[in-house]
Amino acid sequence: MQFQITETKGPAVHDRRFGKLDWKASALGFGCMRFPTEDGDRLSARIKEDEAVRMLRHAIDGGVNYVDTAYPYHGGRSEIVVGKALRDGYRHKVRLATKLPVWLVNSPADFDRLLNEQLKKLETGHIDFYLLHALGKKRWDEIVLRHNLLEQAARALKDGRIGHLGFSFHDGYEAFEEIVNGADLWSFCQIQYNYMDTESQAGMRGLKLAAAKGLAVVVMEPLMGGRLADPPRDVREKMEGFPVRRTPAAWALRWLWDQPEVSVVLSGMSAMEQVDENLRIADEARVGCMSAEENALIGQARELYQARTVIPCTRCNYCMPCPNGVFIPANFEIFNYAHLFDDVATAKFRYQVFLNEAQRSASCIACGLCEEQCPQKISISEWMPKVSALLA
Ligand code: SF4
Ligand code: SF4
């Protein structure tokens with residue numbers, strides 16, 4: 001199937017390379033998981049549809065050519081609203097990305113059922129970029145490989161329902177490497193990456209690995225769910241003291257766009273002012289745009305954040321594997337996150353979602369075997385009950 005794209009170029013188009021594809025992406029991508037809502041709940045299914053449609057079209061008119069949604073966003077309504085927004089010729093101005101809800105797959109046939117439902121909701125016959133949503137080691141082994149989803153995807157690529165296959169990712173670097181190397185169908189991937197996540201999740205190593213293998217890298221959570229846009233006072237003062245004044249969000253985004261391995265940075269925009277602000281910031285950002293002084297500023301901001309770290313775990317992994325299955329560095333990272341950003345609720349969510357039962361701190365039996373391996377001399381068995389007390 002041939003699908004024609006006739007993009008208009010606007011200020012946000014900066015000719016970002018997109019892996020091996022003969023197509024240039026806009027620096028800014030529109031993430032459709034935080035549309036404005038009627039009840040103010042940012043994940044609600046009650047999207048303010050007219051406003052969301054206006055915002056998305058305004059961004060496209062401004063040069064955004066990558067639109068990202070997913071099956072579960074806004075309780076399943078995001079794809080429907082995106083479908084409406086892309087009427088009147090807008091579908092042909094963008095590349096459209098959505099994601100297979102891998103956790104809803106119980107048999108190989110579920111791939112086609114879900115994909116066909118998504119095509120209908122999006123009012124299109126073709127999804128340019130289709131991702132297997134939120135992969136980690138467990139989903140890769142127990143769902144993707146078990147149900148031969150790569151074979152199903154190959155059929156959808158062949159019959160034109162999808163243009164390119166990728167995956168979004170939430171796990172550690174080792175799992176990322178396994179998944180990147182586990183299929184030759186990947187054209188791109190989507191990772192959580194920002195100036196505070198260089199060593200966690202896929203991290204900078206993952207970014208460079210994917211780029212070296214010819215994959216485009218789409219970045220999500222560039223502002224850590226908005227936290228880097230509203231930093232603590234010491235970080236804010238450091239940024240305000242720099243000769244060039246930029247908002248904390250602009251610094252965080254500019255740091256990303258400076259890197260040639262980054263293709264598109266997704267922003268989940270909730271208001272028209274955010275769209276305009278992001279278009280303006282994107283317009284100034286280029287590969288190599290950060291001076292040595294600017295990079296030093298980001299390094300100082302990172303150090304100020306890290307000074308708030310409670311457990312000095314460097315994620316070196318020397319303590320792993322725990323014979324009882326505890327994912328030691330991940331527990332410490334989530335615990336530290338709660339203190340770094342004063343956000344226990346999100347940390348609790350991560351503890352539940354990103355760790356299975358055996359991996360959680362509560363599974364520690366205080367055998368102490370891991371502790372002699374730790375170069376930081378962390379009393380791991382003493383910290384685990386404290387992690388549980390806060391997060392379990
Ligand atoms: S002390 Fe806890 S975390 Fe360390 S090896 Fe024993 S069970 Fe695992
Ligand atoms: S060995 Fe220590 S520093 Fe390294 S990951 Fe384990 S707890 Fe963290």
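**Briefing: contacts, rings and backbone features of a predicted model**

The side chains of arginine 246 and glutamate 294 are joined by a polar contact of 2.8 Å; such a contact is a pair of N or O atoms within 3.5 Å, where within protein one must be able to donate a hydrogen and the other to accept it, and residues adjacent in sequence count only if both atoms are side-chain atoms. This is a predicted model, in which local features need pLDDT of at least 70 and side-chain atom pairs count only at pLDDT 80 or more, while totals for chains, interfaces and linings use all residues. Residues are numbered from 1 along each chain as its sequence is written, chains are lettered from A and ligands numbered from 1 in the order in which they are written, and side-chain values use heavy atoms, with hydrogens and water left out.

- Arginine 246 belongs to the loop between helix 8 (233–240) and helix 9 (248–257); helices (H or I, at least four residues) and strands (E, at least two) are DSSP runs, numbered from the N terminus.
- Not counting residues up to four places away in sequence, arginine 246 touches Trp251, Arg254, Glu284 and Glu294, contact meaning heavy atoms within 4.5 Å.
- Arginine 246 also lies over the face of tryptophan 251, 4.7 Å from the ring centre; a charge sits over a ring if NZ of Lys or CZ of Arg is within 6 Å of the ring centre and within 35 degrees of the ring normal.
- Lysine 93 lies over the face of tyrosine 90, at 4.4 Å from the ring centre.

**Aromatic pairs**

- The structure holds 21 aromatic pairs; rings of Phe, Tyr and Trp (its six-membered ring) pair if their centres lie within 6.5 Å, and planes under 30 degrees apart count as stacked, over 60 as edge-to-face and the rest as tilted.
- The pair of phenylalanine 18 and tryptophan 23 is edge-to-face, because the ring centres are 5.2 Å apart and the planes stand at 65°.
- Phenylalanine 18 counts as buried at 1% relative accessibility, and tryptophan 23 counts as buried at 8%; buried means under 20% relative accessible area, exposed over 50% and partly exposed in between (1.4 Å probe, protein chains only).
- Tyr193, Tyr195, Trp255, Tyr305, Tyr337 and Phe341 are linked into a cluster by ring pairs.

**Serine 168 and alanine 134**

- Serine 168 has its place in strand 7 (residues 162–169) and is buried, with a relative accessible area of 1%.
- The side chain of serine 168 reaches the backbone nitrogen of alanine 134 at 2.7 Å.
- Leaving aside neighbours within four places in sequence, the contacts of serine 168 include Lys99, His133, Ala134, Gln190 and Met220.
- Alanine 134 lies in strand 6 (residues 127–135) and is buried, with a relative accessible area of 16%.

**Ligand 1 and alanine 366**

- Among the residues surrounding ligand 1 are Cys322, Cys364, Ala366, Cys367 and Cys370, a residue being near a molecule or strand if one of its heavy atoms lies within 4 Å of it.
- The shell around ligand 1 has eight nonpolar, three polar and no charged residues; Ala, Val, Leu, Ile, Met, Phe, Trp, Tyr, Cys and Pro count as nonpolar, Asp, Glu, Lys and Arg as charged, and the others, Gly among them, as polar.
- Alanine 366 is found in the loop between helix 13 (344–354) and helix 14 (380–391) and is partly exposed, with a relative accessible area of 48%.

**Backbone features**

- Most residues other than glycine have a negative phi, and most peptide bonds are trans.
- Alanine 134 has a positive phi of about 55° although it is not a glycine, and alanine 366 has a positive phi of about 55°.
- Methionine 320 and proline 321 are joined by a cis peptide bond, with omega about 0°.
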